[in-house]
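Thank you for coming, everyone. Please take a moment to look at the sequence and the structure on the screen, and then I will walk through a few of the features.

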Amino acid sequence: MTIRIGKAEDNDFVVDETYISRYHAKLSRDENGNLFIEDAGSTNGTFVNGDQVIRKKINATDRVTLGEHYTLNLRDVLKFDNDYSEEFAALKPVYDAYIKEKIRIQSSNQFKTRLFQSLPFAVIGVAGLMIGFAGKGNYNIMIASFLLAICAPTVGVYFGAKQSAKIPELLQNIANQFKIDYVCPKCGAFLGEIPWESLANKKQCPVFSCKAKWVKK
């Protein structure tokens, strides 16, 4: 694999910057996966970690500079064909995990809401009946029993509403993280809550300035 770098439009990776030659350098990878940067007879030279080179083996931590000021982003150069299919594939478990957690929060809170709404009826209501039965004929006890029966639904509504109020916050928390994680691997545009499979059918990012390839054709 050899990637031609320079200002001319027919390069694989075009760099339209001052001090960059039309055909400035070449980035290549050998059969063992080793990366090499090679100057292509540029006017202002190619540098690795500050040293001018003609051809040198490099790695991801090396700083490659073209001309006087332009620092080459090796990751961007290696994506010269705009192929982000591996990074896009990694978004599928992100989407699946989000939907699973969203459903869990909704179902769990619905159960708790119903429980809190019905539990007072069961506890306070039964207590009121027992007190009323035990104090049959006693006016004060009958009043207490009546008040407990009235309080039961009020307490149930209160605790049910309190539990329901937690749902939006929990959903918002996971939605905020989802907006950070579920983005185009190249341009970082949020992909919405569109299922991963639907996005895969589009094959590339819809952002005009990006057009990253999400699926290899």
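Which residue takes a positive phi in the hairpin of strand 3 and strand 4? It is G33, with a phi near 90 degrees, and this hairpin has five residues between the strands.

Before I go on, please keep in mind that this is a predicted model, in which local features need pLDDT of at least 70 and side-chain atom pairs count only at pLDDT 80 or more, while totals for chains, interfaces and linings use all residues. Residues are numbered from 1 along each chain as its sequence is written, and side-chain values use heavy atoms, with hydrogens and water left out.

Let me turn to the sheet. When I say strand, I mean a DSSP run of E with at least two residues, numbered from the N terminus, and two strands pair if DSSP finds at least two bridges between them. Five strands form an open sheet with mixed pairing, and their order is 2-1-3-4-7. Strand 2 and strand 7, the latter covering 55-58, stand at the edges with a single partner strand each, so one side of each has no neighbour in the sheet.

Why is strand 4 described as largely enclosed by the rest of the structure? Four of its five residues, within 35-39, are buried, so the strand is largely enclosed. Buried means under 20% relative accessible area, exposed means over 50%, and partly exposed lies in between, using a 1.4 Å probe and protein chains only.

Finally, two loops. E17 lies in the loop between strand 2 (13-14) and strand 3 (25-29), and this residue counts as partly exposed at 39% relative accessibility. G50, in the loop between strand 5 (46-48) and strand 6 (51-53), is also partly exposed, with a relative accessible area of 49%. The C-alpha atoms of G50 and D62 are separated by 9.8 Å, although these residues are twelve residues apart along the chain.
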